[in-house]
Amino acid sequence: MKLDYLDLLSPKPVHMENVGGILSPKLRDIVSIRYDTYQFYLELLLMDLEKYLSMSGHAKDYGSLSDEEKSNLDMFDFWTANEQSAGLLEKVLNFFMAEDVVYSRQDRCFLIQNENGKVGAITRDSYPQVRDVICQRVCIRPGQEDDFSRIKNKKALEIAKKLQKGRSQKKKQEKADKNMELGNIISAVANRSPSLNILNIWDLTVYQLWDCFSRISNNNIYDIQASAVAAWGNKDNHFDAAAWFKGIDLP
């Protein structure tokens, strides 16, 4: 379910059929639960099977599985395997859903309810789509698992697995850029924007914040290029006067 730009910018919930409304949380909502908790929620949503088993002390079990066995396992089954983990995911989903989320042990799914009763459910089949829409709404692009089932050539399969392992190791070694932490971006946008400030910025959704940051960054570059053209001309015809309103591609 690929959301269009207007849906991503909107503060309104994005409705998923037979599920419910998925929100882009406002900055004040993130602050209310603390940033560390918000990050923890995102980590749980982005968690893959290998990391889940590693955290639960079963890393060796994952390494002993074949590719076919791995493909038959589903994260949703692990989340709903016991009341404790199901309750944790219930709390995460409640933060991103417009309605109330309640885990049903009997149905082994998460029921979506409002004041009028049940409006939908998050099941084993719909959970990956719900997770993906949440990631879109918070401006995150989750890593995609490589599908080795389509690779028939043995040598090509070995190369693909080595590339996947290399990407995984590189990702673990990468350090987070402190300049891109949410608190720093809030401060930068609030002090750079002509209309936003440290008092009213908290009503933005997290997607709107990153969109504002990207627009400000692009417009700064545009202003520098425009000033250079005004001062020294445009001999090479490289300046794009329409660049300031061209579409941007956020994660």
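Here follow some questions about helix packing and a sheet.

Guide: This is a predicted model, where local features need pLDDT of at least 70, side-chain atom pairs count only at pLDDT 80 or more, and totals for chains, interfaces and linings use all residues. Residues are numbered from 1 along each chain as its sequence is written, and side-chain values use heavy atoms, with hydrogens and water left out.

Visitor: What makes α3 roughly perpendicular to α8?

Guide: Helix α3 (residues 35–46) and helix α8 (residues 83–96) pack at about 110°, their axes 10 Å apart. Angles of 65 to 115 degrees count as roughly perpendicular, so that label applies to α3 and α8.

Visitor: Which residues of α3 and α8 make the contact?

Guide: Contact means heavy atoms within 4.5 Å. From α3 come Tyr38, Phe40, Tyr41, Leu42, Leu44 and Leu45. From α8 come Leu88, Lys91, Val92, Phe95 and Phe96.

Visitor: How many residues of each class are in the contact of α3 with α8?

Guide: There are 10 nonpolar, no polar and one charged. Lys counts as charged, while Val, Leu, Phe and Tyr are among those that count as nonpolar.

Visitor: Why do β3 and β5 stand at the edges?

Guide: Three strands form an open sheet, ordered β3-β4-β5, with antiparallel pairing. Two strands pair if DSSP finds at least two bridges between them. β3 (100–104) and β5 (117–122) each have a single partner strand, so one side of each lacks a neighbour in the sheet.

Visitor: How do you know that β3 pairs with β4?

Guide: Five bridges join β3 to β4 (residues 109–114). The definition asks for at least two, so β3 and β4 pair. Serine 104 has cysteine 109 in β4 as its bridge partner.

Terms used:
Axes are lines fitted to C-alpha atoms, for helices over the stretch in contact, and angles run from 0 to 180 degrees between N-to-C directions. Helices (H or I, at least four residues) and strands (E, at least two) are DSSP runs, numbered from the N terminus. Angles under 35 degrees count as roughly parallel, over 145 as roughly antiparallel, 65 to 115 as roughly perpendicular and the rest as oblique.
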